[in-house]
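This report looks at how aromatic rings pair with one another and with charge. Please keep the structure in view while reading.

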Amino acid sequence: MLRSSQPLTGPNRKRCREDEMLLGMVLDEGERGFIIDTRSAQAAKQARMMGGGTEPKSAYLQWKRLHRPLERGRPLQESFIKLVEACNDTSINMDRWLSRLESCRWLSHVKAALSTACLAAQCMDREEASVLVHGAEGTDTTLLVTALAQVILDPSCRTLTGFQGLLEREWIEAGHPFHLRCARSAYSHARLKQEAPLFLLFLDCVWQLSRQFPFSLEFGECLLLILFDNAYASAYGTFLCNNEKERRENTHSLWGWLNQPGEKKKYLNPLYSHNALVIWPSVEPQSIQLWQGLFFRWIRSSQYLDEAWAEIQRLAGGS
């Protein structure tokens, strides 16, 4: 699996021989690869007028391009804000709640992300093909897809240590602009242009996987919640800034704190059992559920769920 930013073909359809050679070396003679573009074909065409674009078929003969558009900017942020507003409105009846849940389209974004990640995973697992994923800059929806595909395919990425490595590799070192994307919470009245909860969308998709495969992930919901909290406000430097160049501050690592024995056990899944198989999530409407542990966490008490989880951990530890 490869990831990149868009090629800079521009309106004059410029070619980059080095790029063509690089991708050509990935495939042996007779092999084929897939390019998954997380923009619509129309958006990619518009990007070409601004200097960007897509790989021309004539120059990448062994590669087939597939467009799977994913929202990455203002529409995604507005969807997040509308969902939070609906969750906080305790005065509405069931019909009104369901209508607002559907209109915010958050679950549609979750489904689209999981579907695209599954496509990338299927190309690799079932077609045994190489996959290149990119959108525009390659630091947003690109990382969403490559990270999710690895959780689906690779059992090592479902361990606590492996998942931390995945986040470090696919989000932090790859340059996801956390400072810009997570500048304000959904409760803020400010509407900054570059805000977008892409990392939250990734965490939500991982939660969907953990719910559908409760024995296959070594970590539980508590880890995903603490990662969400630290992406928006943190005493640690792990999610600071927009890239590695900016992140030269001498700060403490979130991983160092999480991996302390006393802390680590809080985030482990007591039901975990190593699963070497690929986990294929269902993306049917009835299979995608609202992440209540996050979106309702300040609205209704989780006392009984917490107590039940603590008892499961106690029983698992005793066995």
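## Terms and basis

A residue is called buried under 20% relative accessible area, exposed over 50% and partly exposed in between, with a 1.4 Å probe and protein chains only. The model is predicted, so local features need pLDDT of at least 70 and side-chain atom pairs count only at pLDDT 80 or more, while totals for chains, interfaces and linings use all residues. Numbering runs from 1 along each chain as its sequence is written, and side-chain values rest on heavy atoms, with hydrogens and water left out.

## Phe239 and Trp255

Phe239 is buried at a relative accessible area of 6%, and Trp255 is likewise buried, at 11%.

## The stacked tryptophans

Across the whole structure, a search finds 15 aromatic pairs, where rings of Phe, Tyr and Trp (its six-membered ring) pair if their centres lie within 6.5 Å, and planes under 30 degrees apart count as stacked, over 60 as edge-to-face and the rest as tilted. Trp207 and Trp291 form a stacked pair, with 6.0 Å from centre to centre and 15° between the planes. Both Trp207 and Trp291 are buried.

## A charge over a ring

The charged end of Arg126 sits over the ring of Trp280, 4.5 Å from its centre; the criterion is NZ of Lys or CZ of Arg within 6 Å of the ring centre and within 35 degrees of the ring normal.
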